[in-house]
Amino acid sequence: MIWILVVVFVICLLLRFPIAFSLGLSCLAYLLMKGIPLIIIPMKMYSGIDVFVLLSIPGFILAGNLMNRGGLTEKIISFCNHLTGHVRGGLALANIGASMLFAGISGTAISDTASIGSVMIPAMKKEGYDADFSCAITAASSTVGPIIPPSVPMIIAATLSGLSVGRLFLAGAIPGFLLGFGLMFVAYYISVKKNYPTFPKSNIRQILIGFLDTFWSLLMTFIILFGIIGGIFTPTEASIIAVFYAMLIGVFVYRKLNFKNIMVIVLDSMKTSASLMVLIGFANLFGWILITEQLPQIISSEILNFSENKYVVLLLINLLLILVGTFMETIAALLILFPILLKVAIGVDVDPIHFAVIALLNLMIGLTTPPLGVCLFVSASIGKVSIGAVSKAGIPFLIVSLIVLTIVTLFPEVSLFLPNLFMD
């Protein structure tokens, strides 16, 4: 009967239903065909969201929106321009740098693409950069966000597996910076080749002012990260601290927040959080059905029957996750596949923290993989460029992302060094 679940789910995706509704309708069809009482739907949905650490997600979403609407994005971009504007293709490097800095606030790739892209893509086009390149670099750099901590997908991965949020945050730092600097190298090479413009070099005073403008925003990331790692507060408590901090900075430092727009931001954040919780609830029901049908055991045995070599298994998992990431939203893919594939990875002696970083990297790369990568569509719509042109321009960045994925997959210490250094 599992085919009913899969067929209805795929049909809903093809009809462009929201992923949460696709999961819900496919589960409903399965339960009706099997004659299972529908009371199981609210029971499993509630058990899926009745996890204390998930309370941190609405907090981080609200904090990110407060900082973004409070003027953070423009100040980060301005600071990065002061640092790299004098280099050939400096605006492209600033785009990537802004995404790396903004990562600690948003923690999600699509929000990064939308917020950074809405400012950077028009600016790059105005200064003479090709539109397809501007969109491609914005989409590619946005994937750094969920790798560099704090990260909403990492919190969900930790919730699904019982892993330490602090260790996961630390594990993503080096791979995230590797990805960011790799993208910068390619952007610089292309910019030199195409003779993209430069800006006058900023003096020390301008750089210092730019740093001071962004200091309070960046400080929030360090407070969150080191507070969790140091055991000062839990991720849920950190998210509430982040909200109050973001509100104080937005009102009294940047002075772009007032009662009226704070209420709008809170309402938008509530909508985002509610939709995410519905998604998590339906995904838990979907996962329960998969477990009932013993699909995790079937997938595990099929992969291990094909090969028990750790690297062959990881290669197969990488291919699967990149494919899934091209057409499925990251958090939905994590909720459905991560627990299943984690068992396979542990079965071939892969460290669970290491695997979590690999899985997240794969799904991020999927967001920029042609022809269905979600971040490609977002940036293409902002830049008013065809998805084909953006996909073609993004191939060099995709290659770099795959190289970083390969390094992280083959060398566990890249992701495990910091967790082992700072945490027991």
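I began with helix 1 and found I4, L5, F9 and C12 buried; buried means under 20% relative accessible area, exposed over 50%, and partly exposed in between, with a 1.4 Å probe and protein chains only. Seen down the axis, these buried residues fall within an arc of 120°, so they line one face of helix 1; the arc is that of the directions from the helix axis to the C-beta atoms. I took helices as DSSP runs (H or I, at least four residues), numbered from the N terminus.

A note on the source: this is a predicted model, where local features need pLDDT of at least 70, side-chain atom pairs count only at pLDDT 80 or more, and totals for chains, interfaces and linings use all residues. Residues are numbered from 1 along each chain as its sequence is written, and side-chain values use heavy atoms, leaving out hydrogens and water.

Next I asked what the buried residues of helix 1 pack against. I found helix 2 and helix 12 (259-292) there, with contact meaning heavy atoms within 4.5 Å.

I then turned to the face of helix 1 away from its buried side, and there I saw the exposed residues W3 and L14. I11, also in helix 1, counts as partly exposed because its relative accessibility is 44%.

For length, I noted 13 residues in helix 1 and a reach of 19 Å from first C-alpha to last, close to the 18 Å expected at 1.5 Å a residue; the expected span is 1.5 Å times one less than the number of residues.

Last, I checked what follows helix 1: R16, with a positive phi near 65°.

Note on methods: Helix = DSSP H or I, 4+ residues; strand = E, 2+ residues; numbered from the N terminus.
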